[in-house]
Amino acid sequence: MTRVVVMMGAPGAGKGTQALRLSQELGLPHIATGDLFRENLSKGTPLGEKARGYMNAGQLVPDALVIDMLFDRVSQDDCREGYLLDGFPRTVAQAESLLERLGETPGNGVNLTVVNLVVPDEVIVERASGRLLCRGCDAIYHRTFSPPEGEACDACGGELYQRDDDRAEVVVERLKAYHEQTEPVVAWFQSWSGEPAVTVCEVDGNRKPEEVFEACVDCVKEVA
Ligand code: AMP
């Protein structure tokens, strides 16, 4: 059985933080399309160059680019038993291609769980604008809610930086893209009745990270 977990939620809902912990808890690789794009950007690849303008404007990168990049990544050996997706799918077209691909997965089936983190918009903007990321290990901090002990990353000593697209005006655009294009994906998953079967759990993300984590673990354990 291939285990696939999809973490959904608005930008800044705590998706990245929870996805990283949950992937460790389940022993599944954490595949974040935003991290893959940022890697491509920092290496100056053609894919990174194509994605740059969309990302800096808070818009979604076109489906074809994202889907190719993601499918390439999940074809690697470490994803054979399953993986945890963070930031994908973000459109109904991406969700359709994911399910089509999983439906064709050889072996004894796929167990797909969608965990949807729900956080009010006003909390999102506050969270995103204080967020800091580590260049070394992608760890996530917050200037007020979970500050690092010093200037550098507590985990690896890497440099901390603010994402270009975490500026308040870009967060507003990302939130708009989320409501228009990504929120409908949750309802689409809920209405899906084909193969593979999909279980959708809603988690209140407006609580302490530890409580949110426990709720996420409960969702995926119930399904297992
Ligand atoms: P994230 O780190 O998940 O917030 O992603 C950062 C940015 O990368 C997004 O604002 C989009 O521009 C782009 N991106 C990441 N994942 C996707 C996706 N599944 N579809 C389209 N664009 C994406």
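This is a predicted model: local features need pLDDT of at least 70, side-chain atom pairs count only at pLDDT 80 or more; totals for chains, interfaces and linings use all residues.
**Group meeting: strands, rings, cysteines and a ligand**

In β6, Tyr141 is the bridge partner of Leu132.

Strand β5 covers residues 131–134, and its pairing with β6 is antiparallel, over three bridges.

Next, the cysteines. A disulfide is a covalent bond between the sulfur atoms of two cysteines. How many disulfides does the model have? The count is zero. Take Cys134 as an example: the nearest cysteine sulfur belongs to Cys156 and is 3.5 Å away, and Cys134 is in no disulfide. The cut-off for a disulfide is 2.5 Å between the sulfur atoms. Cys153 is in no disulfide either; for Cys153 the nearest cysteine sulfur is that of Cys134, at 3.7 Å. Are these residues buried or exposed? Cys134 has a relative accessibility of 1%, so it counts as buried. Cys153, at 4%, counts as buried as well.

Now the aromatic rings. A pair of aromatic rings is described by the distance of the centres and the angle of the planes. The model has two aromatic pairs. One of them joins Trp188 and Phe189: the ring centres are 5.7 Å apart and the planes are at 65°, so this pair is edge-to-face. The step there is that an angle over 60 degrees counts as edge-to-face. Trp188 also pairs with Trp192, with 5.4 Å from centre to centre and 35° between the planes, and that pair is tilted. Through these ring pairs, Trp188, Phe189 and Trp192 are linked into a cluster.

How accessible are the members of that cluster? Trp188 and Phe189 are both buried, and the relative accessible area of Trp188 is 17%. Trp192 has a relative accessibility of 28%, so Trp192 counts as partly exposed.

The charged end of Arg21 sits over the ring of Phe213, at 3.8 Å from the ring centre. Arg135 lies over the face of Tyr161, and there the distance to the ring centre is 4.1 Å.

Asn116 lies in strand β4, residues 110–118. Its relative accessibility is 6%, so Asn116 counts as buried. What does the side chain of Asn116 contact? It makes a polar contact with the side chain of Glu202, at 3.2 Å.

Last, the ligand. There are 16 residues around the ligand, and those that come nearest are Thr33, Gln59, Gly87, Arg90 and Gln94. For Gln59, a polar backbone atom is 2.7 Å from an oxygen atom of the ligand. A polar side-chain atom of Arg38 lies 2.9 Å from an oxygen atom of the ligand. In the side chain of Arg163, an N or O atom is 2.9 Å from an oxygen atom of the ligand.

That is the end of the tour.

Terms used:
Residues are numbered from 1 along each chain as its sequence is written. Side-chain values use heavy atoms; hydrogens and water are left out. Rings of Phe, Tyr and Trp (its six-membered ring) pair if their centres lie within 6.5 Å; planes under 30 degrees apart count as stacked, over 60 as edge-to-face and the rest as tilted. Buried means under 20% relative accessible area, exposed over 50%, partly exposed in between (1.4 Å probe, protein chains only). A charge sits over a ring if NZ of Lys or CZ of Arg is within 6 Å of the ring centre and within 35 degrees of the ring normal. Two strands pair if DSSP finds at least two bridges between them. Helices (H or I, at least four residues) and strands (E, at least two) are DSSP runs, numbered from the N terminus. A residue is near a molecule or strand if one of its heavy atoms lies within 4 Å of it. A polar contact is a pair of N or O atoms within 3.5 Å; within protein, one must be able to donate a hydrogen and the other to accept it, and residues adjacent in sequence count only if both atoms are side-chain atoms.
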